[in-house]
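This report goes through selected parts of one protein chain. Please have the sequence and the structure open while reading.

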Amino acid sequence: MDLIVQKYGGSSLANAERIKAVARRIGRVRDRGDQVVVVVSAMGHTTDELIQQAYTVTERPDQRELALLLSTGEIVSCTLVTMALRSLGYKAISLSGGQAGIRTDTDYSRARIVAVDPQRILRELGEDKIVIVAGFQGITEDMDITTLGRGGSDTTAVALAASLGARICEIYTDVEGIYTADPRVVPEARKLEEIGYEEMMELAGHGAKMHPRSIELGALYNVPILVASSFVEAPGTLIH
């Protein structure tokens, strides 16, 4: 039995039907006998909408309060995915970043992960549950909620994969992998079957849809990362 960490982006969870489709995909992995930990982003454009709401009440949102506000988007996603899995008959539990053991520094809006304590996740896996974790967030020593910055759920997923010794970290998004250019802008862009960490870091630095810190962690702990589409069954790109 392997341990697989999966991450689903906001477009993959934009509405109820997509959440149900993600739950079915997760269930298929469990059905083949693997343990599954899933990291989720906020639904659709929830984070942008929450930021807009903050600025309707103040021109200068306090960073601590803003981080706490934004963290709720991922909480909504992880609880809904868990409910969908339970409706399909699977044992599943949702965890916030803090409950999942993600410890960060005190930079509320661009926090860095300083440690991961996976004991709660391991306990839940030991009870044969699928564990759904709210991405993009962590907790400080003083129990304050922090957020990891744009794309931070990728970093959550790779950090958990490293700490849990997962066989692979699978990142599911709205594209079928890593391309030589943005295929929505450059029609002749070519999808890559595989790419090294160093090359991927360079692409991420130039706007590719991967959080650079997640690639750094993958390289540091030798975590293979598969980037693929959650909408079609097609081979993705393996970063290794």
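**Strand 1**

The model is a predicted one. Strand 1 has 6 of its 6 residues buried, so the rest of the structure largely encloses the strand. Strand 1 runs parallel to strand 2 (residues 35–40), and 6 bridges join the two. Within this pairing, Gln6 has Val38 of strand 2 as its bridge partner.

**Ser12**

The loop between strand 1 (3–8) and helix 1 (16–31) contains Ser12. Is Ser12 buried or exposed? Ser12 counts as buried because its relative accessibility is 2%, and the cut-off for buried is under 20%. The side chain of Ser12 makes a polar contact of 2.5 Å with the side chain of Ser230. Beyond its neighbours within four places in sequence, Ser12 is in contact with Arg18, Ile19 and Val22, with Tyr172 and Thr173, and with Ser230 and Phe231.

Helix 5 consists of 13 residues and spans 18 Å between its first and last C-alpha, close to the 18 Å expected at 1.5 Å a residue. Of these 13 residues, 11 are buried, so helix 5 is largely enclosed by the rest of the structure. The buried residues are Gly152, Ser153, Asp154, Thr155, Thr156, Ala157, Val158, Ala159, Leu160, Ala161 and Leu164. Gly165 follows helix 5 and has a positive phi, near 70°.

Which residues of helix 7 (residues 212–221) are buried? They are Ser214, Ile215, Leu217 and Gly218. Viewed down the helix axis, the buried residues of helix 7 fall within an arc of 160°, so they line one face of the helix. After helix 7 comes Asn222, which has a positive phi, near 55°.

**Cysteines**

How many disulfides does the structure hold? The number is 0. For Cys78, the closest cysteine sulfur is that of Cys169, and the 17 Å between the two sulfurs is too far for a bond; a disulfide would need the sulfur atoms within 2.5 Å. Taken from Cys169, the closest cysteine sulfur is in Cys78, at 17 Å. Cys78 is buried, with a relative accessible area of 1%, and Cys169 also counts as buried, at 0% relative accessibility.

**Arg86**

Helix 3 (residues 63–87) includes Arg86. Arg86 counts as exposed because its relative accessibility is 52%, and the cut-off for exposed is over 50%. Not counting residues up to four places away in sequence, Arg86 touches Ala92 and Ile93. Arg86 and Ile130 are 44 residues apart along the chain, and their C-alpha atoms are separated by 9.8 Å.

**Accessibility table**

The residues with a stated relative accessibility are listed here.

| Residue | Relative accessibility | State |
|---|---|---|
| Ser12 | 2% | buried |
| Cys78 | 1% | buried |
| Cys169 | 0% | buried |
| Arg86 | 52% | exposed |

Technical notes
Residues numbered from 1 in each chain as written. Predicted model: local features only at pLDDT ≥ 70, side-chain atom pairs only at ≥ 80, totals over all residues. Heavy atoms only, no water. Helix = DSSP H or I, 4+ residues; strand = E, 2+ residues; numbered from the N terminus. Buried < 20%, exposed > 50% of the residue type's maximum accessible area, 1.4 Å probe, protein only. Polar contact = N/O pair within 3.5 Å; in protein donor to acceptor, adjacent residues only side chain to side chain. Contact = heavy atoms within 4.5 Å. Arc of directions from axis to C-beta. Expected span 1.5 Å × (residues − 1). Pairing = 2+ DSSP bridges.
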